[in-house]
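Here is a short report on a predicted model.

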Amino acid sequence: MPQPLRSSAPAARLPAFVLAAALALLTATFSTLSPAPLLAAPGKGPDTVADVAERVMDAVVNISTSQNVAASRSVPQPQLPPGSPFEDFFDEFFKRRQDDGGEQRSRRVSSLGSGFVIDPSGLIVTNNHVIADADEIFANFNDGSKLKAELIGRDTKTDLALLRVKPDKPLVSVKFGDSEKLRVGDWVMAIGNPFGLGGTLTVGVVSARNRDINSGPYDNFIQTDAAINRGNSGGPLFNMEGEVIGINTAIISPSGGSIGIGFAVPAATAKPVLAQLEQFKEVRRGWIGVRIQPVTDDIAESLGLGKPRGALIGVVSENSPAAKGGIKAGDVIVKFNDRDIKEVRDLTRTVADTMADTEVDVVVVRKGKEETLRLKVARMPEDDKPETAKPAAESQKVAPRKALGIELSAMSDELRKRYSIKSEINGVVITGVDASTPAANKGIKAGQVIVQVGQEAVASPADVEKQVDALRKQGKRSALLLVSDGEGKQEFVTIPLN
């Protein structure tokens, strides 16, 4: 009689058919219960992106441009004194070169970049710097065909341009994805025309989001280590579903080649810009007429915000949407049109993306309390410079006094002339600052004007002292000053009270 099976029995003693059956059962069980296999082993990247690349490759184009550039004379004609024996010789020499074409002949300059089709009818996206100043633009497709492109519109502030070609048949196109869902570490794929080599694919990850590289007022780049080189500009950055989540725009590189630090304009930034370029051939950004500055830890404490958030209003232009809506200097905007404003750049981009004549709710923190205001967004003027506030009544001249290490004087005609202070600027003039005080460390200097202390307007040195005393009694650790220079440029500065 065979011995009964035991869990502790050595496997070598089991009959072969029993082992085979057990192995088949275990394999079937684990294949049913275990999750689907991972796309990639940890740290090694996706096994392949060939299927995604095959779907989108034909939508990526090479952009070639050309322009005529008048050549400058490389050898200037020497300036000789009148009557010099060499004067006729050099005149004849340079005249002959000009007649022959020589150095004065214009030359044709070509450049290469990338782009991608977003509509089968022939809409193509690229960077503005790829096609800037071009006389002719051509889109070269993956199948070897070539079509002349016309410029629909461009936006220098986001470095985007929209082109149109007229194909004989619908083109392969790609769609934008949701760049807001990107996470650091997500795999991405770039396709473009590096160094004129044609359709080239590279793979990497999202290294960072919301990068500000000081290239424009609306910077919020996606940073990636996918290889991006010269010629990749204007090409798409794809997610692993084959959706465009960015437009490759810039790199940081001392050599001109990829060192793993590339930047792409997010799809969320590009889509509203491209929609306006298609509709209006220009970008009509929203404008509310304010100048803003970041909320620091000191400012947050002074305003009772708890932690730094929002955008602090420094100047409100007269008759602007913000002024008509009730926004005041010293307010902190924490929500605009249902979007949370965490920092200054959030407000800049959100307002710009809002269409003109749109009515929006704006949540501000004013003297520690939230208020909801409503205003109508206007179209951003070509030269967005805030108008100065209405002048207040001149204050009575009094002797200089000191507060917080700052020497203060009432406004007067003599001080306006001495410090070149415009007539519409009113407040308390700073005539001196103790070098060893925090005020000096904060950049306060003679000739500036204190407009507010603790969000209260001041018109005399006594007003400043009164507000400083009141802040101390409230247990505040610092005083929030609104300071203006002679031209009217204002900013908030916090000065410790101890």
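Glu282 and Arg284 form a salt bridge, with their closest N and O atoms 3.2 Å apart. A salt bridge here is a side-chain nitrogen of Lys or Arg within 4 Å of a carboxyl oxygen of Asp or Glu. Glu282 is partly exposed, at 30% relative accessible area. Arg284 is also partly exposed, at 27%. Buried means under 20% relative accessible area, exposed means over 50%, and partly exposed lies in between (1.4 Å probe, protein chains only).

This is a predicted model, in which local features need pLDDT of at least 70, side-chain atom pairs count only at pLDDT 80 or more, and totals for chains, interfaces and linings use all residues. Residues are numbered from 1 along each chain as its sequence is written, and side-chain values use heavy atoms, with hydrogens and water left out.

**Salt bridges**

The whole structure holds 20 salt bridges. Side chains of opposite charge can pair when their charged atoms come close.

| Pair | Closest N to O distance |
|---|---|
| Glu282 and Arg284 | 3.2 Å |
| Lys422 and Glu487 | 3.3 Å |

Helices (H or I, at least four residues) and strands (E, at least two) are DSSP runs, numbered from the N terminus. Arg374 is partly exposed, with a relative accessible area of 46%. Asp361 is partly exposed too, at 33%.

Lys422 pairs with Glu487, with 3.3 Å between the closest N and O atoms. The two lie 65 residues apart, and both sit in loops. Lys422 is in the loop between helix H9 (413-419) and strand E23 (428-433). Glu487 is in the loop between strand E26 (478-484) and strand E27 (490-496). Lys422 is partly exposed at 33%, whereas Glu487 counts as exposed at 52%. Salt bridges that share partners also join Glu282, Arg284 and Arg379 into one network.

**Helix H5**

How far apart are the end C-alpha atoms of helix H5? They are 20 Å apart, which agrees with the 20 Å that its 14 residues (267-280) should span at 1.5 Å a residue. The expected span is 1.5 Å times one less than the number of residues.

Buried residues in H5 are Ala267, Thr269, Ala270, Val273, Leu274, Gln276 and Leu277. An α-helix has 3.6 residues a turn, so residues three or four places apart point the same way. What covers the buried residues of H5 includes strand E5 (146-155), strand E11 (244-251) and strand E12 (262-266). Just after H5, Lys281 takes a positive phi of about 65°.

**Confidence**

The protein chain has a mean pLDDT of 81, and 79% of its residues reach 70 or more. pLDDT is the predictor's confidence in each residue, from 0 to 100.

Two stretches need care. Over residues 1-43 pLDDT stays under 50, and the model has nine contacts there beyond four places in sequence. A contact means heavy atoms within 4.5 Å. Over residues 384-399 pLDDT also stays under 50, with 32 such contacts. Where pLDDT is low, the predicted coordinates should not be read in detail.
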